[in-house]
Amino acid sequence: MLACFPISGESEGVVNETPHPLKIAILGSGRGSNGQSIIDAIEAGTLSAEIVCVISDVADAGILDRARAHHIPALFVSAAPFKTKLEGRAEAEYIRILRGYGAEVIVLAGFMRLVKKGLLDAFPNRILNIHPALLPAFPGMASWKQALAYGAKVTGCTVHLVDEGTDTGPIIVQKAVPILENDTPETLHARIQEQEHIAYPEALRWIATHRFRLEGRRVRLG
Ligand code: GRF
């Protein structure tokens with residue numbers, strides 16, 4: 001039983017009665033480079049975790065191909081009729097599948113839908129997301145374009161717990177990326193993604209090694 005996350009919203013101690021690799025499920029809609037970084041960390045032995053399944057709301061998402069190439073259960077599960085959120089019958093189906101695979105932590109890796117109360121309540125403080133900016137700056141879509149257009153000198157990426165807001169949950173890990181004079185949206189996004197591929201395995205490592213505690217909205221690592 002994973003208990004390195006608090007069971008309630010408040011901080012609790014770290015208890016792990018049955019140590020085992022952290023059971024992770026990944027949800028993604030796209031290319032899956034972040035999913036790949038987690039697969040690679042596990043295979044390299046630097047992250048004590050098992051990916052129990054990868055689920056996508058997009059039938060031909062690259063993340064499903066990546067999972068299959070590593071013999072990880074890869075499922076397309078439609079989230080229709082909604083276009084931008086996971087709710088209703090589709091949400092119930094996701095929860096059923098995630099529970100069936102025994103997922104302890106849900107990793108959103110380019111999952112292009114808002115996660116709603118049903119999933120949040122099913123996995124309280126157990127859903128992570130990665131955002132391509134230093135939150136709370138530049139929440140929402142295409143954050144690297146927002147940072148560039150704003151004239152920021154530094155941006156980066158943030159791994160955070162998911163709550164009911166948009167990109168508002170407690171911050172676990174951040175990596176800074178300088179914005180260069182000649183950056184385009186593409187070059188900047190590529191450098192942010194390099195840092196994402198370090199940040200996501202790092203955040204999961206804190207959890208998998210039971211060195212993660214939530215105090216209010218502050219995440220304590222170590
Ligand atoms: C990443 O840039 C992440 O920050 C955002 O969606 C993108 C997913 O990329 N949430 P990938 O599918 O992991 O390559």
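Which residues of helix α6 are buried? In the predicted model, helix α6 comprises residues 185–208, and its buried positions are Leu 188, Ile 192, Gln 193, Glu 196, Ala 199, Tyr 200, Pro 201, Ala 203, Leu 204, Ile 207 and Ala 208. The 24 residues of α6 reach 34 Å from the first C-alpha to the last, close to the 34 Å expected at 1.5 Å a residue. Just after this helix, His 210 adopts a positive phi of about 60 degrees.

Glu 202 is joined to Lys 175 by a side-chain polar contact of 2.8 Å. Lys 175 belongs to strand β9, residues 171–178. Because its relative accessibility is 18%, and buried means under 20%, Lys 175 counts as buried.

A polar side-chain atom of Ser 33 is placed 2.5 Å from a ligand oxygen, and a backbone N or O atom of Asn 34 is placed 2.9 Å from a ligand oxygen. For His 189, a polar side-chain atom lies at 3.2 Å from an oxygen atom of the ligand. On its own the ligand has 370 Å² of accessible area, of which the protein covers 86%.

Strands β10 and β11 were considered as a pair. Strand β10 spans residues 212–215 and β11 spans residues 218–221. The two strands run antiparallel and are joined by four bridges; within this pairing, Arg 213 has Arg 220 of β11 as its bridge partner. Together they form a hairpin with two residues between the strands, and Gly 216 in the turn has a positive phi of about 60 degrees. The faces of β10 can be told apart: Phe 212 and Leu 214 make up the covered face, whereas Arg 213 and Glu 215 make up the uncovered one.

With a disulfide taken as a pair of cysteine sulfur atoms within 2.5 Å, the count of disulfides comes to zero.

How values were computed. Residues numbered from 1 in each chain as written. Predicted model: local features only at pLDDT ≥ 70, side-chain atom pairs only at ≥ 80, totals over all residues. Heavy atoms only, no water. Buried < 20%, exposed > 50% of the residue type's maximum accessible area, 1.4 Å probe, protein only. Pairing = 2+ DSSP bridges. Polar contact = N/O pair within 3.5 Å; in protein donor to acceptor, adjacent residues only side chain to side chain. Areas by Shrake-Rupley, 256 points an atom, 1.4 Å probe, with all protein chains shown as cover. Expected span 1.5 Å × (residues − 1).
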